[in-house]
Amino acid sequence: MIVVTGATGQLGRLVVEGLLKKVPAAEVVAAVRDPAKAAEFAARGVQVRRADYEDPASLAAAFAGADKVLLISSSTPGGRLAQHEAVVAAAREAGVGHLAYTSVLAADTTKLSLAPDHKATEEAIRASGVPFTFLRNGWYTENYAQTIAQALAVGSFAGAAGDGRLGAVPRIDFAEAAVEVLTGEGHEGKVYELAGDEPFSYTDLAAAVTAASGTSVTYQDLPVGQYRQILVGAGLPEPVAAMLADADRGIAEGELASTSGDLSRLIGRPTTPLAEAVTALVKN
């Protein structure tokens, strides 16, 4: 039995859909905070179980009989690590045979401000004794959907990434990697650095948007601090603005790209090209 936490989230849904192409629906558990939101999975024969990261009893019930669990990282600011530790404890108590975790690129060495929780979660998983796989996901191209929409309206977008390159690809690529780990063999104890085959700069992103839309779009590079203030001025909470500005700093320093080739090897195909990913975002 394979349990996917956060199964109604953007990544979780794609993972469940991928699993249904490989294993019987009865062997898949969609573990969600609100089971009503997973009605469509239940109608297709997927087991739906309540799993609230804040409710350890629900986690124990959700993991009962599980052979494998995919822990999709929480997005709760300030509370993520405690939530993850509760999941790890429940997996250990349930005797889960394999725990996969969606971490972040180079979690143990990166300077990204969002990395410490991921690093600590990895350490907790190692200490638990549960066989693990770390899926260190890079950036999703969908992260730029709003940026692209705004750029098409005004002709440019700002950032603080300089000429740095990032290996962003669509969520579906990362979902396929998770499905392979959950259904394949020999992944226990592995740490996969997952990013696109062909990293790109923000200037490349602007050119791809221009080509896909027919509207000229340019990239305006700014100092990190100035970019953070612009984000705050646009209405983003300070912590979110700081995280996004720091991510651009990380891109400038090469922290959101990888030459490992792990992602394309796991999914058995080249990662989705930038032009294809951007075209999909422009059309949406």
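A residue counts as buried when its relative accessible area is under 20%, as exposed when that area is over 50%, and as partly exposed in between. The legends below apply these classes to a predicted model.

**Figure 1. Overall view of the chain in the predicted model.** The chain holds 12 helices and nine strands. Its radius of gyration is 19 Å, close to the 19 Å that the globule rule gives for 284 residues, so the chain is as compact as a globular protein of that length. Taken along the principal axes, the box filled by the C-alpha atoms is roughly 55 × 35 × 35 Å. Of the 284 residues, 49% count as buried, and among the contacts with a separation of 6 or more, 75% are made by residues 24 or more positions apart. The chain exposes about 12300 Å², of which carbon and sulfur atoms supply 53%.

**Figure 2. Charges of the chain, and the salt bridge between Lys22 and Glu180.** The chain carries 23 positive and 33 negative charges, and the mean positions of these two sets are 3 Å apart. Side chains of opposite charge can pair when their charged atoms come close. A search of the whole structure finds 19 salt bridges, one of which joins the side chains of Lys22 and Glu180 at 3.8 Å, N to O. Lys22 lies in the loop between helix H1 (10-20) and strand S2 (28-32), whereas Glu180 belongs to helix H7 (residues 171-183), so the pair ties together parts that are 158 residues apart in sequence. Glu180 has a relative accessible area of 21% and is therefore partly exposed, given that the buried class is limited to values under 20%.

**Figure 3. The salt bridge between Arg92 and Glu93.** The side chains of Arg92 and Glu93 meet at 3.8 Å, N to O. Arg92, at 40% relative accessibility, counts as partly exposed, while Glu93, with a relative accessible area of 64%, is exposed.

**Figure 4. The salt bridge between Glu255 and Arg249, and the network around this pair.** The side chains of Glu255 and Arg249 meet in a salt bridge at 2.9 Å, N to O, and both residues are buried. Salt bridges that share partners join Arg249 and Glu255 with Lys111, Asp246 and Glu253 into one network.

Figure 5. When residues up to four places away in sequence are not counted, Phe134 touches Tyr101, Glu122, Ile125, Arg126, Lys190, Val191 and Tyr192. Pro35, which is 99 residues apart from Phe134 along the chain, has its C-alpha atom separated from that of Phe134 by 27 Å.

**Figure 6. The backbone at Ala106, where phi is positive.** Most residues other than glycine have a negative phi. Phi of Ala106, however, is near 50°, a positive value in a residue other than glycine. Ala106 lies in the loop between strand S5 (98-104) and helix H5 (115-128), and its relative accessible area of 23% makes this residue partly exposed.

Technical notes:
Residues numbered from 1 in each chain as written. Predicted model: local features only at pLDDT ≥ 70, side-chain atom pairs only at ≥ 80, totals over all residues. Heavy atoms only, no water. Helix = DSSP H or I, 4+ residues; strand = E, 2+ residues; numbered from the N terminus. Rg over C-alpha atoms; globule rule 2.2 N^0.38 Å. Buried < 20%, exposed > 50% of the residue type's maximum accessible area, 1.4 Å probe, protein only. Contact = heavy atoms within 4.5 Å. Areas by Shrake-Rupley, 256 points an atom, 1.4 Å probe, with all protein chains shown as cover. Lys, Arg positive; Asp, Glu negative; His and termini not counted. Charge placed at Lys NZ, Arg CZ, Asp CG, Glu CD. Salt bridge = Lys/Arg side-chain N within 4 Å of Asp/Glu carboxyl O.
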